[in-house]
Amino acid sequence: MSIEQLIVALVVVAAVGFAVARTIRIIPQATAAIIERLGRYHRTLTPGLNLVVPFIDRIKDMIDLREQVVSFPPQPVITSDNLVVSIDTVIYFQVTNPKAATYEIANFLTGVEQLTVTTLRNVVGGMDLERTLTSREDINTALRGVLDEATGKWGIRVNRVELKAIDPPASIQDSMEKQMRADRDKRAAVLAAEGQRQASILAAEGDKQASVLRARGEAEAAVLRAQADAEAQAMRAKGQADAIGMVFKAIHEGKPDQQLLAYQYLQTLPEIAKGEANKIWIVPSEMGKALENLGGLFTPPKSSDTQ
């Protein structure tokens, strides 16, 4: 074999190898390849080993089928009360139709960004600043609905739309901070006043209950003292009655005569005269009779023999 034939053989082998290499296409997982045959869409290659016709079929685009997260730069948006706010957005989307994403729009990422900006301005333009700052979920829902409907023909599904930040102008932020501080101070003052009012009410109720309890206790104590005095008096009266009864019984059992009674009467007189207030002591009229009866003790009885 001559050198010329060897070179030709090598060229043929190289061409065949190159053709075979162009025929076999390996597509990664979660990726789709758009194949054009002679300039027209032919088919979409799925992940794995695929065969194509070399020099006739070509891969136009490799489309990522995973969910993608794109953060757009801050966009100035005018609210309904003519205030400019800067809003950062994050879009979560996924390509569901690689053919539509390739042929329905030149650059679907740019299209999603511009559609997000215009939709955001339309939604926020109908809200004032306060509602814009407090209605993030409503704005997210409105953006997602509009974007999902508009991007459906592009073969894209918008899963979520999030607002990272809503930044009003610096002057408005300063005014809002002052207003919030004033509101906090007002709430603090109201809470303090309410606390003092509750404390005063509780203290008054406590004093009232304490007074009621004291009065009730004093009344119960007075009742108990009265009951105790009544019982004591009843016991003393009973004791005196018993003592008088015993004395009376003893006297009757002893059968005292007039001389004994007169003697006891005279012994009692000094007790009657005792006392610091007794300046004048009047002798009772019965004293003479008592002395007469007492004198009878010393008079000898008359003899029965004397006639």
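How many cavities of 30 Å³ or more does the structure hold? The structure holds 1, where a cavity is a set of points on a 1 Å grid over the protein atoms alone at which a 1.4 Å probe fits but cannot get out.

Before selecting anything, note that this is a predicted model, in which local features need pLDDT of at least 70 and side-chain atom pairs count only at pLDDT 80 or more, while totals for chains, interfaces and linings use all residues. Residues are numbered from 1 along each chain as its sequence is written, and side-chain values use heavy atoms, with hydrogens and water left out.

Select Arg22, Arg25, Ile35, Val52, Val53, Pro54, Phe55, Asp57, Arg58 and Ile59, which line the largest cavity, lining residues being those with an atom within 4 Å of a point. About 50 Å³ of space lies inside, a volume being the space filled by probe spheres set on the points. Strand β5 (residues 57-64) gives the largest share of this lining, 3 residues; strands are DSSP runs of E with at least two residues, and helices are runs of H or I with at least four.

Next, colour β6 (68-78) and β8 (156-167), the edge strands of an open, antiparallel sheet ordered β6-β7-β8; two strands pair if DSSP finds at least two bridges between them. Strand β7 (residues 84-95) pairs with β8 over 10 bridges, and glutamine 94 stands opposite arginine 157 in β8.

Finally, show helix α3 (residues 108-125), which lies across β6, β7 and β8 at about 40° to β6, and helix α5 (residues 136-151), which lies across β7 and β8 at about 145° to β8. These angles run from 0 to 180 degrees between N-to-C directions, with axes fitted to C-alpha atoms, for helices over the stretch in contact, and contact means heavy atoms within 4.5 Å.

Key:
1 Å grid on protein atoms, 1.4 Å probe; cavity = no way out; pocket = protein on both sides within 12 Å on 5 of 7 lines; lining within 4 Å.
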